[in-house]
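Visitor: I'm new to this one, so please take me slowly through the charged side chains and the rings and core around them.

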Amino acid sequence: GQEYNIAGLFSRSPLSYYTLNIFELLLSVLLLIEIIKLTVGTSAWTYRAGIFVLLVPATTIAFFKLLYVDRGVFVFAACTIYAYIKFEKTERPLYWLLALASANIAIYYKESAFSIILAFSASHLILSWKTANRTQKMLDWLLIVSALIYLAIYVIKIAPLSQIALNPNSDPLIVRIKNLFNFAFFSDPLVVLGFIPLLIVRAWGVLASGTKANPVLDSMLFAAVGYAAVFFVLNIYSPYYMLPAYMLGIAPFLYYVLERPIGSLPLGWKLILAAIAIVVIGNSVPLALHYLTYNKYVPSNFHRTIGF
């Protein structure tokens, strides 16, 4: 939440801090829409995606409360991807610098954020090795080194001083299954039911079937699933953890799945889309609206109560 220091220079009222939240939210959604336009093109799904992100629990939790660092990861990871794509298309040095700077800011927002930068840049370096120019490869290498520097600092300085508190009376396997089901059928069905199967299909196609890779979109998809995998490995759950994964995975999902006529999709994808739609309508959106109203009214009602 270090950006609140900037807001505090102008005013320390709640309005100033929440205004910064709203600015970051609008910036993130606009960047997501621009990323989709640059990688997929413009269609009805472009703007539906922006609306969809506003209606997931992760957004209403992270952007409508204070001190959720996932919001910062979302914002600066979006800046990184946008600047990266713009540099590939224009080769303007400003975008090269913006991508590198934004990535390094994102990395230090949350322990798991390094996985986004590492997964994206490493996979892009591999997939574009024969086509990328020297400057693009240098950017990939610098992003990889940036992520590894953070990981080294964390392992040497932070990890020995921290520990993950586990309930000794709980079965880790049962907790892992419960967390997976919470992500898949409660808060984040698109990430678990959509992005993960799509990555498996794309990996199989590129590695085994000779399908041509899309270095940017495939790397974004890999980074989205890689970021989600961190929480599966740590065996922890909260409905706001997956927020950055949406920014990374939506464009590939649109390109490979939703930009095709639904009727032409294989039966498996039709069933997956139906399951995602049911969970989103039945669980995710109501949960997001619950958190929005809860965060809006509970603090003010609390202050009215103690002021009685």
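**Charges, rings and a core**

Guide: Let's begin with K212, which sits in the loop joining α10 (189-208) to α11 (215-234). (Helices are DSSP runs of H or I, at least four residues, and strands are E runs of at least two, numbered from the N terminus.) This is a predicted model, in which local features need pLDDT of at least 70 and side-chain atom pairs pLDDT 80 or more, while totals for chains, interfaces and linings use all residues. Residues count from 1 along each chain as its sequence is written, and side-chain values use heavy atoms, without hydrogens or water.

K212 counts as exposed because its relative accessible area is 75%; the cut-offs are under 20% for buried, over 50% for exposed and partly exposed in between, with a 1.4 Å probe and protein chains only. From K212 to R260 it is 48 residues along the sequence and 18 Å through space, C-alpha to C-alpha.

Now for charges that pair up. The whole structure holds 4 salt bridges (a Lys or Arg side-chain nitrogen within 4 Å of an Asp or Glu carboxyl oxygen). One of them joins E24 and R71, with N and O 2.7 Å apart. That pair connects distant parts of the chain, since E24 belongs to helix α2 (residues 14-39) and R71 to helix α5 (residues 69-90), 47 residues apart. Both E24 and R71 are buried.

In another bridge, K110 meets D70, and their closest N and O atoms are 2.6 Å apart. K110 is in the loop between α6 (93-107) and α7 (114-127) while D70 is in helix α5, so this pair ties together parts 40 residues apart in sequence. Like K110, D70 is buried; its relative accessible area is 2%. Look around D70 and, beyond neighbours within four places in sequence, you find contacts with K110, Y227, Y240, Y241, L243 and P244 (contact means heavy atoms within 4.5 Å).

The bridge between E34 and K37 has N and O 3.7 Å apart. These two are 3 residues apart in helix α2, so about one helical turn separates them. E34 is partly exposed at 31% relative accessibility, and K37 is partly exposed at 29%.

Y227, Y240 and Y241 are linked by ring pairs, along with Y68 and F231, into a cluster. The structure has 18 aromatic pairs (Phe, Tyr or six-membered Trp ring centres within 6.5 Å; planes under 30 degrees apart are stacked, over 60 edge-to-face, the rest tilted). One of the pairs is F183 with Y237: the centres are 4.6 Å apart and the planes are at 70°, so the pair is edge-to-face. F183 lies in helix α9 (residues 172-187) and Y237 in the loop between α11 and α12 (243-258), so they tie together parts 54 residues apart in sequence. At 0% relative accessibility, F183 is buried.

Finally, the core. In soluble globular proteins, nonpolar side chains tend to be buried together. Here the largest nonpolar core has 85 residues, and F195, I250, F253 and V257 have the most contacts inside it (a core joins buried Ala, Val, Leu, Ile, Met, Phe, Trp, Tyr and Cys through side-chain atoms within 4.5 Å). Leaving out residues up to four places away in sequence, I250 touches L32, I36, A49, F52, V53, L190 and F195.
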